[in-house]
Amino acid sequence: MAPTLSTSVAQKQNLNLSLKMWLPMLQTSLQDLEKHLKNVSYENPFLEIKKPKEFYNNFMPQGTSGEFIESLALYSESLNDKISEQICAPNFPTPNSQKVALEILCDINEDGYFEGDIEKIAITCNVFKEYVESIRQRFSRLEPAGIGAIDLSESFLFQLDAFDKDIDDELYNFIKKIIKDIAHLDKYAAHHRFEDAKNIIKYFNNPPAVDYINTNVQIIPDFYVDIGEDINVRINHAYYPDIEVKDPFSSKNETIKEKLKEARDLVNLLNLRKSTLYKIVLLIVEKQIGFFVGGELKPFSMQELAKELGFAESTISRAVANKYIECSLGIFPLKHFFTNAVNNKDLSSSQIKSYIKSLVEYEDKESPLTDQHILEMIFEKFDLKMVRRTITKYRKMLDIPSSKERKKLYKVENL
């Protein structure tokens, strides 16, 4: 029994090690992949990470290649990197808390706000939703202050608690009161501590990840999708680093043999990353082919994709994070292609939002459409019964002001 048990334990350790390397590699963006692999290589003398030949073929002949290479050398730490390195003790001391924190990280947008579903994360991680929320609240202790919040108000509360200057209790409670009612800031102007409060709030970041938002950042697509007589999906090989495994001698030392195996495993895992993402993109293109030829997105969920490919939904969530497709319509994040069905119809929320956007674009400027009017027009076009608050939610998601606010804006435009 002893040898069998020993083999079983060794296999389990190898599997855990592979998973430990695999999941971060799958989640890392193409732009950060080389940096991630170099960090792994620092712990393994048999690994060497190089830029692929395609990279130099694509960029070296151009006159601007020197500037491009220089910009890569001046790489700045991404928001994802900054948060990832803090998902450890003491804030996240257990494997379970770290697992949940990483799932939450997948749903933090580039502004630093959490836009995920607590209940879905709870199901994915097999924990109670109250536990997921408690883990999200711990993000208030991380840097940059305010990340992981669900909105501006909560972000400011996170930043207030992280503020590094002494604040007396009276001022703290007054600032907290203002933040919770931030939309009506003016009504607190007569308070004797208003100026003190304002001088502290002005230090808060809005959005919380403002220091990590680079409007000039180059988005590197993972795949190119060309739709003609055939569907052509190409991997962007120019940014996939080459991994060289150095094996200068045949050693019987177990530690060295283990490092060599890790190095070979990393090569296999990089290829697995490519093939996994390729399968995901192929299926996305197949399901959303109408979009690529100028139509609307169809209802399609990560759960459906996971079931079709035989993966866990959490794996799909990691895989699509920070990944992009370039096609004739532009560059889109993979998350863009997942949209919910509305009222169990073969109609996506994306289609409804697109219709609302077009209605507002061509509305009568003298008499803008109310949410009730939009609701009635949706029923007439799609034979779809919805409630007005859903229209209001979609309108806000599209950053479209209310009909009253739009009327004021139109008048200003005509001045």
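Is Ile289 buried, partly exposed or exposed? Ile289 is partly exposed, at a relative accessible area of 30%. Here buried means under 20% relative accessible area, exposed means over 50%, and partly exposed lies in between, with a 1.4 Å probe and protein chains only. The model is predicted: local features need pLDDT of at least 70, side-chain atom pairs count only at pLDDT 80 or more, and totals for chains, interfaces and linings use all residues. Residues are numbered from 1 along each chain as its sequence is written, and side-chain values use heavy atoms, with hydrogens and water left out.

Ile289 belongs to helix H13, which covers residues 289-292. Helices (H or I, at least four residues) and strands (E, at least two) are DSSP runs, numbered from the N terminus. Together with Ile227, Ile231 and Val293, Ile289 makes a nonpolar surface patch of about 320 Å². Patches are made of residues with over 30% relative accessible area and no salt bridge; like charges are joined within 9 Å, and nonpolar side chains (Val, Leu, Ile, Met, Phe, Trp, Tyr) within 5 Å.

The protein as a whole contains 19 helices and 6 strands. Of its 415 residues, 42% are buried. The accessible surface comes to about 24,400 Å². Carbon and sulfur atoms account for 51% of that surface. Areas come from the Shrake-Rupley method with a 1.4 Å probe; for residues, only the protein chains shown count as cover. Among contacts between residues at least 6 apart in sequence, 63% join residues at least 24 apart. Contact means heavy atoms within 4.5 Å.

Helix H9 is mostly covered, with 8 of its 11 residues buried. These are Ser153, Glu154, Ser155, Phe156, Leu157, Phe158, Gln159 and Leu160. The cover over them includes H8, helix H10 (169-180) and helix H11 (194-201). Asp151 caps the N-terminal end of H9. A side-chain oxygen of Asp151 lies 3.3 Å from the backbone nitrogen of Ser153.

Ser155 sits within H9, which spans residues 152-162. Its relative accessibility is 0%, so Ser155 counts as buried. The Ser155 side chain reaches the backbone oxygen of Gly146 at 3.5 Å. Such a polar contact is a pair of N or O atoms within 3.5 Å; within protein, one must be able to donate a hydrogen and the other to accept it, and residues adjacent in sequence count only if both atoms are side-chain atoms. Leaving aside residues up to four places away in sequence, Ser155 touches Tyr113, Gly146, Ala149, Asn205 and Pro208.

Charged pairs were examined next. Side chains of opposite charge can pair when their charged atoms come close. A salt bridge is a side-chain nitrogen of Lys or Arg within 4 Å of a carboxyl oxygen of Asp or Glu.

Glu34 takes part in a salt bridge with Lys38, with the closest N and O atoms 3.3 Å apart. Lys38 and Glu34 are 4 residues apart in helix H2 (residues 30-41), so about one helical turn separates them. An α-helix has 3.6 residues a turn, so residues three or four places apart point the same way. Lys38 is partly exposed at 31% relative accessibility, whereas Glu34 is buried at 18%. Glu34 also meets Lys51 in a salt bridge, at 2.7 Å from N to O. Lys51 lies in the loop between strand E1 (47-50) and helix H3 (53-59) and Glu34 lies in helix H2, so this pair ties together parts that are 17 residues apart in sequence. Lys51 is partly exposed, with a relative accessible area of 23%.

A further salt bridge joins Arg136 and Glu133, at 2.8 Å from N to O. Both residues lie in helix H8 (residues 129-137), 3 residues apart, about one turn of the helix. Arg136 is buried at 3% relative accessibility, while Glu133 is partly exposed at 26%. Elsewhere, a network of salt bridges links Asp168, Glu170, Arg193 and Asp196.

The structure holds 0 disulfides. A disulfide is a pair of cysteine sulfur atoms within 2.5 Å. For Cys125, the closest cysteine sulfur is that of Cys106, 9.6 Å away and too far for a bond. Cys125 is buried at 4% relative accessibility. Cys88 is partly exposed, with a relative accessible area of 31%.
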